[in-house]
Amino acid sequence: MEKTIAILPGDGIGPEVTAAAVKVLRTIAMRYGHSFTMKEADIGGAAIDRYGEPLPDETITACEQSDAILLGAVGGPKWDKNPADKRPEKGLLGIRKHFDLYANIRPVKAFPSLLSSSPLKKEVAENVDMVILRELTGGLYFGEPKRRNERSAIDTLVYTKEEIKRIVTQAFEIARTRRGKVTSVDKANVLETSKLWRQVVEEVREGYPDVDVDHLYVDAAAMKLITEPSTFDVIVTENMFGDILSDEASVITGSLGMLPSASVRADGFGLYEPVHGSAPDLAGENKANPSAAILSAAMMLRHSFGFHTEASAIEEAVKSVLEDGYGTGDVCGGDKQVVSTTRFAEKVIEEIEREFVSDHIMLSYV
Ligand code: IPM
Ligand code: MN
């Protein structure tokens, strides 16, 4: 099939890890008979440097003309002192809002070969397999009024019932394809928005009698993520809580460098990006772990294009390369061989080719 993909490398290690993911996508296209047209555009600090703003019209147009977006990372010390609307992060928030990408899917799954890098005991971290579903276009990030002067500042936490309902419904749908459990996280003992959130979860659950539901306050959820992370299946929560909890959950598996994410809307269009940031200290050294970007490309194939076999091929390949003892510096405990970003991507590509050939030899025998 023919697909157009907007590639937004962004800042810091973003260009290196997206280049690795693009190579993997080219291999998939060649092997599985697809044609991917990749259109590169600027976002974040790179766009500020070239166009004077973090999300130029050219970038929005390139994304509008595409079937999905693959993004690297935005931000860095160079732009830290810029005024609020000229900060790289504004580009990311702007693109989420522009395309109404309200559902942020962050899977957190332990890779057995990386458990020694987890800050938690092996017994606690093993078997972790959850999806954090974060509402991405509402709440404190976008609520109005939002302003600051010398003496005071205000942000607004607002949610409509419709905004809550669409993300909560998606959580139930995802839970049905997994272990059938939704944990809704809120602060309903204090916040009005959380009381509405909880009420909507109770309404939506009526349509999903096969799914178990529990409600946790966000402080308790933060604690349980560390003490009993393997008990979670699908966590659904509002924008700010989801931002915080997903960073907390991400390190359990050993490295932030492994985790992909998808930000999608109802029709399947989406933006795919690593959970990690731009890591300016690593930039330009060919040392960053490209796994999260490569796995984000796999999520894109699965969620936006419905290419399940191709997505699994990528996921299996990344797992095999790690199991074979190769890794970038962040995932290299003990006996692993440290390789560069580009070498790791080559290893993944070799593995995809190897799997493809062995699958097709098997097929020709049946
Ligand atoms: C994330 C990031 C962003 C967020 C920043 C860069 C605006 O932390 O994707 O989690 O807070 O959503
Ligand atoms: Mn974050």
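Helices and strands here are DSSP runs, numbered from the N terminus, with at least four residues in a helix and at least two in a strand. With that in hand, welcome to this predicted model. Ligand 1 sits between domain 1 (1-109 + 255-366) and domain 2 (119-253), because both give residues to the shell around it. The largest pocket has a volume of about 940 Å³, and the second largest pocket holds about 580 Å³ of space. A search of the whole structure also turns up 1 cavity of 30 Å³ or more.

**Two backbone details to start with**

- Asparagine 127 is found in the loop that runs between helix H5 (122-125) and strand S5.
- The phi of asparagine 127 is near 70 degrees, which is a positive value in a residue other than glycine.
- Proline 145 has its place in strand S6, and the peptide bond that leads from glutamate 144 to proline 145 is cis, with omega near 0 degrees.
- For background, most residues other than glycine have a negative phi, and most peptide bonds are trans.

**Around ligand 1**

- Glu89, Arg96, Arg106, Arg134, Tyr141 and Asp243 are the residues around ligand 1.
- By class, this shell has 5 charged residues, 1 nonpolar residue and no polar ones.
- Arginine 96 has a side-chain N or O atom 2.7 Å from an oxygen atom of ligand 1.
- Arginine 106 places a polar side-chain atom 2.9 Å from an oxygen atom of the ligand.
- For tyrosine 141, a polar side-chain atom lies 2.6 Å from an oxygen atom of ligand 1.
- Ligand 1 taken alone exposes 320 Å², and the protein buries 75% of that.

**The largest pocket**

- This pocket, of about 940 Å³, is lined by 29 residues, and the closest to its centre are Pro107, Arg178, Met299, Arg302 and Glu315.
- The lining divides by class into 16 nonpolar, 5 polar and 8 charged residues.
- Domain 1 and domain 2 both give residues to the lining, so the largest pocket lies between them.

**The second largest pocket**

- About 580 Å³ of space lies in this pocket, and of the 17 residues that line it, Ala84, Lys90, Tyr141, Lys146 and Asp155 are the closest to its centre.
- Helix H4 (88-98), strand S6 (143-148) and strand S7 (153-156) are the elements that give two or more residues to the lining.
- H4 provides the largest share of that lining, with 5 residues.
- By class, the lining of the second largest pocket has 10 charged, 6 nonpolar and 1 polar residue.
- The second largest pocket lies between domain 1 and domain 2, because both give residues to its lining.

**The cavity**

- The largest cavity contains about 50 Å³ of space.
- Its lining is made up of Leu157, Tyr159, Val185, Asp186, Leu191, Thr193, Ser194, Trp197, Glu238 and Phe241.
- Strand S8 (181-186) and helix H7 (192-205) are the elements that give two or more residues to this lining.
- The largest share, 3 residues, comes from H7.
- Sorted by class, the lining of the largest cavity has 6 nonpolar, 2 polar and 2 charged residues.

Methods: Residues are numbered from 1 along each chain as its sequence is written. Chains are lettered from A and ligands numbered from 1 in the order in which they are written. This is a predicted model: local features need pLDDT of at least 70, side-chain atom pairs count only at pLDDT 80 or more; totals for chains, interfaces and linings use all residues. Side-chain values use heavy atoms; hydrogens and water are left out. On a 1 Å grid over the protein atoms alone, a cavity is a set of points where a 1.4 Å probe fits but cannot get out, and a pocket is an open set with protein on both sides within 12 Å along at least five of seven lines; lining residues have an atom within 4 Å of a point. Grid points are joined across faces, edges and corners, and a volume is the space filled by probe spheres set on the points. Ala, Val, Leu, Ile, Met, Phe, Trp, Tyr, Cys and Pro count as nonpolar, Asp, Glu, Lys and Arg as charged, and the others, Gly among them, as polar. A residue is near a molecule or strand if one of its heavy atoms lies within 4 Å of it. A polar contact is a pair of N or O atoms within 3.5 Å; within protein, one must be able to donate a hydrogen and the other to accept it, and residues adjacent in sequence count only if both atoms are side-chain atoms. Accessible areas come from the Shrake-Rupley method with a 1.4 Å probe; for residues, only the protein chains shown count as cover. Domain bounds come from an automatic or database domain assignment.
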